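Let's take a friendly walk through the charged side chains of this protein. Have your viewer ready and follow along pair by pair.

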Amino acid sequence: MRIYRRLRVRLRKRDCEVLDAMLSGGIQPVRVVLRGLALRQLHDGKAVSEVAAQVQLTPKAVREIGRRYEESGLDRALYDKQRPGAPALLAESQRQRIMAMVCSAPPEGQARWTVRLVAEQAVRRKLVPKVGRETIRVLLLDHDLKPWREKNVVRAGTG
């Protein structure tokens, strides 16, 4: 069993005021409120295991909250870091080339572009190495294009 040093958290006066204001009213995510309660109780001198039992967190989580407060301050202790999210599936140049292809006439033998046809042709014309229908659907949605509806696509030389 691992033995931990006693965690002593001393909240700054300004942080106490911010924490009190946050806990006293308004709608906050539950995890932020639990972290605030844990910090408040650590400030009052309670042991990590006691705080963990009262706020229904693990002792490890309570220690981590206290450590983050000591190292980086109140915001870092209460809130998670921003996550990077998934990388874009298509580069901007690929997106532009696909949109240009959709705005041109459909392939020979096709009356109009469909999402499946756009995905197929983008790979066949080597605009992208591979692409799924959902990626194409979202791309068209972002540009507010519905090429399967003939009236929504402006073509050169018509009219």
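What follows is a tour of the salt bridges.

The model is predicted, so local features need pLDDT of at least 70 and side-chain atom pairs count only at pLDDT 80 or more, while totals for chains, interfaces and linings use all residues. Residues are numbered from 1 along each chain as its sequence is written, and side-chain values use heavy atoms, with hydrogens and water left out.

Side chains of opposite charge can pair when their charged atoms come close. Here a salt bridge means a side-chain nitrogen of Lys or Arg within 4 Å of a carboxyl oxygen of Asp or Glu. By this rule there are 10 salt bridges.

Start with Asp15 and Arg12, whose side chains form a salt bridge at 2.9 Å, N to O. Asp15 is buried, at 12% relative accessible area, whereas Arg12 is partly exposed, at 49%. (Buried is under 20% relative accessible area, exposed is over 50%, and partly exposed is in between, with a 1.4 Å probe and protein chains only.)

Next, Asp20 meets Arg40 in a salt bridge at 2.4 Å, N to O. This pair links distant parts of the chain, 20 residues apart: Asp20 sits in helix α1 (residues 13-24) and Arg40 in helix α2 (residues 30-43). Helices are DSSP runs of H or I with at least four residues, numbered from the N terminus. Arg40 is buried, at 19%, and Asp20 is partly exposed, at 37%.

Further along, Asp142 forms a salt bridge with Arg95, with the closest N and O atoms 3.7 Å apart. Asp142 lies in helix α8 (residues 133-142) and Arg95 in helix α6 (residues 92-103), so the pair ties together parts 47 residues apart in sequence.

Finally, look for Arg31, Arg35 and Asp80, which are linked in a network of salt bridges.

Technical notes:
Helix = DSSP H or I, 4+ residues; strand = E, 2+ residues; numbered from the N terminus.
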